[in-house]
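Here's a quick briefing on the salt bridges in this model. Have the sequence and the structure open as you read.

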Amino acid sequence: MLRVDKINVFYGDLQALWDVSFNVEKDEIVAIVGSNGAGKTTTLRAISGLLRPKTGSIQFLGESLGKIPPHRIVELGVAHIPEGRRLFPLYSVIENLKMGAYTRGLIEKKDETLEWVFELFPILKERRNQAAGTLSGGEQQMLAIGRGLMSRPKLLMLDEPSLGLAPRLVLTVFDLIRRINEEGITVLLVEQNVRHALQLADRAYVLETGRSVLEGKGDELMDNEHVKKAYLGI
């Protein structure tokens, strides 16, 4: 579904990614893990078209994303849930959700899609007229994911969905990601919470200082000595 091949990405003169390569197959949950500053967010921004690799290529369903603007990448079926949620805090839950269905085909189906999102997140239905900024942290994260789902994506990319959440809510969010995947949506997950990410993922890649240093099945990486020492505290 997604193929990233040797991308080099810069912020001005500062290089953030060096020859990063990975792939995501349909129906998988793939995690990109690593510490803060490893290049995880930069990778998602490159896929979304918010940054352009200087060299290398990114293909989604066989189509090159190199010159496609971000809004067209969404229309192709890629939804990016950014770090920090980026909600419209003064707008209601339902207004935030409807902003995720802005293209012609999606607008026509927005009521049907909205009911689907409410089935996944019943709390959002209860809070539908409440201002997004007054929700709890966990509810805001659900709203951010729900807004992304309103675009009916084939690939859902999540950037640090557990950031700032209480441990109990972290488990809830990861359970929701699994349910979304079971609905037929492929997931690319970026996380600093390495343990939970590897437990959830079919496969994972470890980024360190902008380079991909390890890859494998989630359970295999859980047993990797470097991963245990550097990220799991074992």
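A salt bridge here is a side-chain nitrogen of Lys or Arg within 4 Å of a carboxyl oxygen of Asp or Glu. This is a predicted model, where local features need pLDDT of at least 70, side-chain atom pairs count only at pLDDT 80 or more, and totals for chains, interfaces and linings use all residues. Residues are numbered from 1 along each chain as its sequence is written, and side-chain values use heavy atoms, with hydrogens and water left out. Searching the whole structure turns up 8 salt bridges.

**Between two helices**
- Lys 125 and Glu 115 pair up through their side chains, N to O at 3.7 Å.
- Lys 125 sits in helix α6 (residues 122-126) and Glu 115 in helix α5 (residues 110-120), so this pair ties together parts 10 residues apart in sequence; helices are DSSP runs of H or I, at least four residues, numbered from the N terminus.
- Lys 125 is partly exposed at 39% relative accessibility, and Glu 115 is partly exposed at 36% (buried means under 20% relative accessible area, exposed over 50%, partly exposed in between, with a 1.4 Å probe and protein chains only).

**Within one helix**
- Glu 225 bridges to Lys 228, with the closest N and O atoms 3.1 Å apart.
- Both belong to helix α11 (residues 225-230), 3 residues apart, which puts about one helical turn between them.
- Glu 225 is exposed at 56%, whereas Lys 228 is buried at 18%.

- Arg 127 and Glu 126 meet at 3.9 Å, N to O.
- Arg 127 is partly exposed at 25%, while Glu 126 is exposed at 60%.
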